[in-house]
Amino acid sequence: MKRPHDALRLDVAAFIADGGALSGAWPGASLERLAELQTPPQDSPLADVDWQAHGERRPVTGGEAELWLHLQARGSVWLTCQRCLQPFAEAMAVDQHIRFVHGEARAEALDAEIDDDVLAVSKALDLRELVEDELLLALPIVPRHGNCPQPLPVPLGSAAAPDDVPERPHPFAALQRLKSTPDGSTG
């Protein structure tokens, strides 16, 4: 008989042992750290985040089965384009497998050794916080439109005409003059 599982206080070991599955949607404003980073246009609400979590035990030859959580989340966030400084909606998707082990020290050691994400088993994991962490990690470093919808503004007087740019002397012109003889021939 499967137990009910609370996504906000998830007993990870019990959830995985049951082969548990949870899904739902959280309002964008309930993911407070992610909400603080967003720059929606006026009167535009933050999008909901749809998520799913599945627990899985993976057998290991000659050892205890590994505990895994498959986490998926989808939504969109409002970011500011770093080229035109206008807000735009960016679709976000997370599809992550996280391995759980007993003990913080073991989790830290394994996380440093292998490419998989590793966390310590918890009796009260806040799945909403974990989803938010994964979405924050997936944000682009430099958010920008593929093509900005409006031409970028150029301040008056900042773009010099090609004829107005003074010609720079060749860096080796002085050396050439030193090498030249007084009659104009090179030596």
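**Exercise 1. Find which strand gives the most to the lining of the largest cavity, then describe that cavity.**

Solution. 
- Start with the contributor: β3 leads, giving three residues to the lining. The model is a predicted one.
- Take the volume next. The largest cavity holds about 40 Å³.
- Check the count. The structure has one cavity of 30 Å³ or more.
- List the lining: Gly28, Leu34, Gln38, Ala47, Val49, Gly75, Ser76, Val77, Met92 and Leu135.
- Sort the lining by class. Six residues are nonpolar and four are polar. None is charged.

**Exercise 2. Work out the strand order of the sheet and state which strands stand at the edges.**

Solution. 
- Read the order: β1-β2-β3-β4-β5, an open sheet of five strands with mixed pairing.
- Go to the ends. β1 (21-26) and β5 (117-120) each have a single partner strand, so one side of each lacks a neighbour in the sheet.
- Neighbouring strands are turned by 30° against each other on average, with direction ignored.
- Look at one pair. β1 and β2 (residues 49-60) run antiparallel, joined by six bridges.
- Pick out a bridge: Ser23 has Gln52 in β2 as its partner.

Key:
Residues numbered from 1 in each chain as written. Predicted model: local features only at pLDDT ≥ 70, side-chain atom pairs only at ≥ 80, totals over all residues. Heavy atoms only, no water. Pairing = 2+ DSSP bridges. Helix = DSSP H or I, 4+ residues; strand = E, 2+ residues; numbered from the N terminus. Axes fitted to C-alpha atoms, helices over the stretch in contact; angles between N-to-C directions. 1 Å grid on protein atoms, 1.4 Å probe; cavity = no way out; pocket = protein on both sides within 12 Å on 5 of 7 lines; lining within 4 Å. Points joined across faces, edges and corners; volume = space filled by probe spheres on them. Nonpolar A, V, L, I, M, F, W, Y, C, P; charged D, E, K, R; others polar.
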